Amino acid sequence: MIEIVTFGWVPSFAQGLGRDLRVRWALEEIGLDYTVRYITFPDRDTAEYRALQPFGQIPVYIEDGLEMFETGAILLHIAEKSEVLMPIDREGVAQTRMWMFAALNSIEPAIQFLREIEHFPAYKNVGKPIRKPLNEKVELRLKALVAALGDKEYLCGRFTAADILMTCVLRILRIGALLDPHPQLAAYQARCEARPAFRKALADHMAAFAEHA
Ligand SMILES: N[C@@H](CCC(=O)N[C@@H](CS)C(=O)NCC(=O)O)C(=O)O
């Protein structure tokens, strides 16, 4: 049995972006059932939760006694279960892993920081001066991503777990118009988000907030 642990409620700016969505999507793609345990913000500071997630973040993934945190590691673990998420040939495995790490290491950090500047009061004063260079950095990365994607439908040619991570990272850009100059990326994101597994995962992710509001 698989269980995801995540927040039952988050502020509206974070709804639709929580990292449990990546895990839900991957499980939906391969048709694996799961349950969800919802926690509150104070719960994340309990010793019990820190034992599961040392940084007090979500999500946590539990499968038959195996407890995991970090969505990259969780997605790799799930991807290894099915060719739907990762080809089995050596080249396909390497390509999928590379693009999963690229989404998380080369694209997400700058985008995530932009989002934090936008929404987190702690950055209110420092945010403004660094917004421009940070925007430029994101733009450089997006241009490179466009070039690498070329005319492929998906990062590795066919859909893989890397597309789940990359799409979820690009979703964070809804805070601005940074995707606007890149119709190829917007089309890529739309293509991935049109998948029934994504729609089901997003609907379930959002339904929780209404229940726990
Ligand atoms: N690198 C972690 C990041 C997890 C993360 O940032 N989770 C957010 C929600 S999407 C969170 O728990 N934020 C609250 C916090 O950082 O205290 C992963 O990919 O699992």
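Glu70 counts as partly exposed, at 41% relative accessibility. The model is predicted. Glu70 sits in the loop between strand 4 and helix 3. Its phi is positive, about 75°, although Glu70 is not a glycine.

Asp64 also has a positive phi, near 45°, and is a residue other than glycine. Asp64 lies in the loop between strand 3 and strand 4 (66-69). Its relative accessibility is 62%, so Asp64 counts as exposed, the cut-off being over 50%.

Ile58 and Pro59 are joined by a cis peptide bond, with omega about 0°. Pro59 belongs to the loop between helix 2 (47-52) and strand 3 (60-63).

## The largest pocket

The largest pocket holds about 900 Å³ of space. By class, the lining divides into 20 nonpolar, 10 polar and 10 charged residues.

Which elements give two or more residues to this lining? They are strand 1, helix 1, helix 3 (71-79), helix 4 (90-119) and helix 8. Helix 4 gives the most, with eight residues.

Helix 8 covers residues 196-212, 17 residues in total. From first C-alpha to last, helix 8 reaches 25 Å, close to the 24 Å expected at 1.5 Å a residue.

The buried residues of helix 8 are Ala197, Phe198, Ala201, His205, Ala208 and Phe209. Why do they line one face of the helix? Seen down the axis of helix 8, they fall within an arc of 115°, so they line one face. The face turned away from this buried side carries the exposed residues Pro196, Arg199, Ala210 and Glu211.

## After helix 8

Ala213 is found in the segment after helix 8. Ala213 is exposed, with a relative accessible area of 82%. Ala213 and Ile30 are 183 residues apart in sequence. In space, C-alpha to C-alpha, Ala213 and Ile30 are 30 Å apart.

Technical notes:
Residues are numbered from 1 along each chain as its sequence is written. This is a predicted model: local features need pLDDT of at least 70, side-chain atom pairs count only at pLDDT 80 or more; totals for chains, interfaces and linings use all residues. Side-chain values use heavy atoms; hydrogens and water are left out. Helices (H or I, at least four residues) and strands (E, at least two) are DSSP runs, numbered from the N terminus. The expected span of a helix is 1.5 Å times one less than its number of residues. Buried means under 20% relative accessible area, exposed over 50%, partly exposed in between (1.4 Å probe, protein chains only). The arc is that of the directions from the helix axis to the C-beta atoms. On a 1 Å grid over the protein atoms alone, a cavity is a set of points where a 1.4 Å probe fits but cannot get out, and a pocket is an open set with protein on both sides within 12 Å along at least five of seven lines; lining residues have an atom within 4 Å of a point. Grid points are joined across faces, edges and corners, and a volume is the space filled by probe spheres set on the points. Ala, Val, Leu, Ile, Met, Phe, Trp, Tyr, Cys and Pro count as nonpolar, Asp, Glu, Lys and Arg as charged, and the others, Gly among them, as polar.
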